[in-house]
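Please look over the sequence and the model below before reading on. The briefing that follows takes up a few sites in turn, grouped by topic.

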Amino acid sequence: APTWPSSVDELEDIMMLNTGYRARGFANAVTPCSAGAGPGRVTAAEFIRTAFHDMATANVYQGTGGLDASIVFELNNGGGDNIGQAFPTSLAYFAPFFSRRSSMADIIAMSMYTAVRACGGPAIPVKTGRVDATEAGPPGVPLPQNSLFTFQNQFARMGFDSTQMIQVVACGHTLGGVHASNFPQIVPVGSAPNDVKQFDDTAKFDSKIASDYVSGRSTDPLVVGPSQAARRASDLLVFNSDGNATITTMADLTYYTNTCRTLLQKMIDVVPAGVSLTDPIAPYDIKPVALQLTLQNGGSEIQFAGEIRVRTTSRPASQISSVQIVYKDRTGGGSNKISATQKGTAAGFDDNFTFYAFSAGISSQSSISSFNVLVTLASGATESYDNNGSGYSMQDTVMFQAPQSCVTDSNGQKLLTVTAAVRLPATSADLLLTLKVPRDVITPELQTQTVAMTQKTIVGPYNIVTGTYLLEASQAQNTEFDIAAGQAKDMFKSTAGLGTTCVPLSATGSSSSSSSSSSSSSSFSSSSSSSILSSRTLTGSSLSTFRSSTSSTSSTTSQQPNPPPSPSSTPSQPGYLYQGCYTDSTSARVLTGRSQSTSTNTYASCAAYCSGYTYFGVEYGSECYCGNQFTNPSAPAPKGDTECNRPCSGDATKVCGAGNRLTLFKNQASGPTSVSNIPGWSYTGCYTDSTSARVIKDKYNYDNALSIERCAAACKGYKIFGTEYANQCYCGNSYANPTSKVADGDCGYACAGNGAQACGAGNRLSVYTAA
Ligand code: HEM
């Protein structure tokens with residue numbers, strides 16, 4: 001079993017946890033194997049074809065291309081290589097699983113395992129480590145009208161010899177079929193049910209495609225039918241290329257299954273030179289899940305909580321009588337025990353798992369450095385798991401404080417506040433954000449931002465530090481972050497579970513202790529820690545005094561001659577949406593419509609001066625800029641609102657940017673309108689959605705020219721439709737999952753094909769109902 005933690009941890013979960021507790025549900029779309037996104041469609045086939053097309057432009061001589069997710073950039077190349085709904089549908093399904101620990105290319109590779117396995121085929125080993133391309137690759141997918149010579153050259157370029165070419169085509173064409181809408185010369189419109197001709201008559205990963213061919217009973221539209229006269233009978237050309245020798249051997253199910261396991265793995269392992277792949281993912285026998293240390297009870301105690309996932313494939317949970325954590329203190333001594341209780345079970349294609357949860361208070365002085373897991377069986381036998389000898393290591397140098405962290409509304413955006421405890425003598429930490437930034441292809445771009453976390457107070461043996469960052473609404477639920485203090489890191493936190501209020505860290509030891517199982521009372525003086533704490537609690541107003549102070553003791557703060565305006569009140573101006581604190585540059589101004597500098601600068605005076613413009617921004621106290629768009633690049637300031645800290649020259653209680661920092665506003669009237677009047681439909685509102693539980697899901701379209709009209713047309717005959725994330729169109733007859741109505745302003749994305757209309761946002765649907 002692998003040693004924890006490892007780079008494959010996220011992908012291992014996606015691969016292993018199909019159903020049950022903590023299920024990731026990646027296999028849902030291909031369960032059962034015949035499941036499809038519409039009549040005649042087979043999602044498992046679409047996954048496999050997507051993986052093939054992504055790989056098919058590889059050039060192994062030059063070490064370029066391969067499975068690298070370049071296909072996300074190749075969907076609109078004018079009907080060349082990637083014709084059909086299979087590609088955008090599959091990629092949109094994969095996109096929510098994409099993260100910094102799970103590249104889109106690795107997800108596409110994994111989809112091969114998932115699709116084949118869901119259809120009863122072999123378990124294809126999945127290596128990881130693929131790197132996503134940042135642009136389109138060259139064309140070069142085999143097209144049915146190509147000559148045999150071209151096919152052989154194309155497959156040689158991908159690293160497959162002529163025999164392997166025959167085999168891998170037979171492996172691919174066991175599922176799905178040819179769609180009249182994509183290839184009318186092969187399947188004439190109206191000639192097959194749902195306008196799709198299946199390759200064979202079994203919706204299974206089996207050798208029927210080969211055995212039918214060998215016995216002369218093939219119904220494969222790339223072998224028989226109109227494709228022959230249209231010179232597009234490519235399977236015939238390929239299968240017959242060695243006098244049917246290879247395809248004959250493929251008719252045997254066992255041989256077929258083994259050959260396809262090898263060749264489909266070979267296919268997903270074609271990667272550009274320089275990319276090195278890991279060993280295939282193997283399930284952990286014991287995997288720690290969602291471990292968290294949290295300082296509590298006035299600093300005397302650390303809550304240690306999490307779960308242990310036990311593989312129960314060959315040894316069922318019914319045979320396990322207890323699961324215990326045996327941990328060492330921070331000096332490496334001791335063997336304290338914490339009992340875990342069964343929380344839930346999950347299953348994948350090949351393995352079963354049972355989760356055991358625990359939570360205990362431990363002394364913050366003696367703390368923890370590592371643990372082992374002790375499994376006691378009903379028979380009385382015990383199994384000790386020590387993570388291949390190294391123990392499951394824990395660091396208490398920097399700890400994310402979830403209760404003291406939150407996401408709050410900030411005029412259409414979301415203010416993220418992250419609090420951490422750093423063990424003395426450390427006084428600072430960095431908040432390392434991984435932001436999903438939407439772009440005009442299906443997957444967002446991952447961008448990193450570092451925010452310095454400033455010291456606020458001392459609690460027990462820890463300094464409490466806080467950092468803030470202004471997120472786009474679409475990022476409020478899907479932003480990952482780490483907290484780093486020197487070498488120590490508390491990693492892979494997410495904004496997903498954060499509350500909307502930051503709960504102050506309790507000053508005394510009396511509050512909500514969960515289950516304090518151990519911990520003799522700490523020798524640390526609780527009176528001194530609570531007196532420091534009481535003078536600087538985690539409230540918004542005291543937060544502000546730390547925002548711009550370079551040194552962080554309270555005396556330094558109070559000595560500042562001009563306390564900066566309190567950012568606890570977010571800048572606001574009637575009729576405008578506050579955008580945030582944005583970068584500017586004296587050599588390349590962002591807003592170039594008109595500008596002035598006055599000693600009476602306020603939000604109101606600048607708004608009036610910029611009347612008629614989309615944006616106004618105040619900078620350096622006295623400056624006012626107007627513009628209809630960003631003339632030069634600008635982005636939210638790396639450290640968020642804290643960087644805009646100069647008092648306005650006309651109102652010292654408000655902030656007006658800083659040097660090269662704009663306090664930026666957008667005219668509310670200039671955004672996309674929430675309501676579009678479409679004949680036959682009425683606007684119902686802005687509704688929440690979730691990538692893991694889609695609210696409207698009978699039909700889905702990815703449309704880079706989406707407008708409300710286009711989605712209405714695509715959803716003709718359905719009762720409701722919703723647009724999301726600028727370019728997604730969902731049709732349905734009812735809500736498939738729970739949803740709630742939210743403010744129209746939440747659906748603030750302009751439609752990809754009509755900037756004046758609103759098309760949802762991240763996890764937000766602009767919903768219309770048939771009149
Ligand atoms: C000579 C090489 C190949 C040619 C010319 C070819 C051509 C085609 C064509 C024309 C279709 C119909 C697509 C549609 O109507 O949507 C198709 C479907 C498909 N191909 Fe291939 N293909 C080749 C090799 C492969 C390989 C190597 C694989 C995977 C290992 C593969 C997997 C699939 C799958 C799964 C489908 C069904 C898709 C669906 O039902 O939506 N193909 N292929």
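Helices (H or I, at least four residues) and strands (E, at least two) are DSSP runs, numbered from the N terminus. This is a predicted model, in which local features need pLDDT of at least 70 and side-chain atom pairs count only at pLDDT 80 or more, while totals for chains, interfaces and linings use all residues. Residues are numbered from 1 along each chain as its sequence is written, and side-chain values use heavy atoms, with hydrogens and water left out.

**The ligand and its iron atom**

- The iron atom of the ligand has H173 as its only protein donor, through NE2 at 2.1 Å; donors are N, O and S atoms within 2.8 Å of the metal (3.2 Å for Na, K and Ca), and water is not among the atoms, so sites may look incomplete.
- H173 itself sits in the loop that runs between helix 6 (162-172) and strand 2 (177-179).
- Around the ligand there are 26 residues, of which H173, G176, G177, H179 and N182 come nearest; a residue is near a molecule or strand if one of its heavy atoms lies within 4 Å of it.
- Two or more residues of the shell around the ligand come from each of helix 2 (43-55), helix 5 (148-158), helix 6, strand 2 and helix 11 (253-268), and helix 2 gives the most, with five residues.
- By residue type, the shell around the ligand divides into 17 nonpolar, seven polar and two charged residues; Ala, Val, Leu, Ile, Met, Phe, Trp, Tyr, Cys and Pro count as nonpolar, Asp, Glu, Lys and Arg as charged, and the others, Gly among them, as polar.

**The second largest pocket**

- The second largest pocket is lined by 48 residues, and Q413, E472, Q579, G748 and Y749 are those that lie nearest its centre.
- Pockets are found on a 1 Å grid over the protein atoms alone, where a pocket is an open set of points with protein on both sides within 12 Å along at least five of seven lines, a cavity is a set of points where a 1.4 Å probe fits but cannot get out, and lining residues have an atom within 4 Å of a point.
- The volume of the second largest pocket is about 1300 Å³, where a volume is the space filled by probe spheres set on the points, and grid points are joined across faces, edges and corners.
- Several strands give two or more residues to the lining of this pocket, including strand 14 (413-423), strand 16 (445-459) and strand 33 (754-758), and strand 20 gives the most, with four residues.
- The lining of this pocket divides into 24 nonpolar, 16 polar and eight charged residues.

**Backbone geometry in loops**

- A cis peptide bond with omega of about -5 degrees joins T31 and P32, and P32 is found in the loop between strand 1 (19-20) and helix 2.
- The peptide bond from L424 to P425 is also cis, with omega near 10 degrees, and P425 is found in the loop between strand 14 and strand 15.
- N388 is not a glycine, yet has a positive phi of about 55 degrees; its place is in the loop between strand 10 (382-385) and strand 11 (392-393).
- N388 counts as exposed because its relative accessibility is 51%; buried means under 20% relative accessible area, exposed over 50%, and partly exposed in between (1.4 Å probe, protein chains only).
- N660, likewise not a glycine, has a positive phi of about 55 degrees and is placed in the loop between strand 25 (651-655) and strand 26; at 28% relative accessibility, N660 counts as partly exposed.

**Buried positions**

- E46 lies in helix 2 and, at 6% relative accessibility, counts as buried.
- V141, in the loop between helix 4 (104-118) and helix 5, counts as buried because its relative accessibility is 3%.
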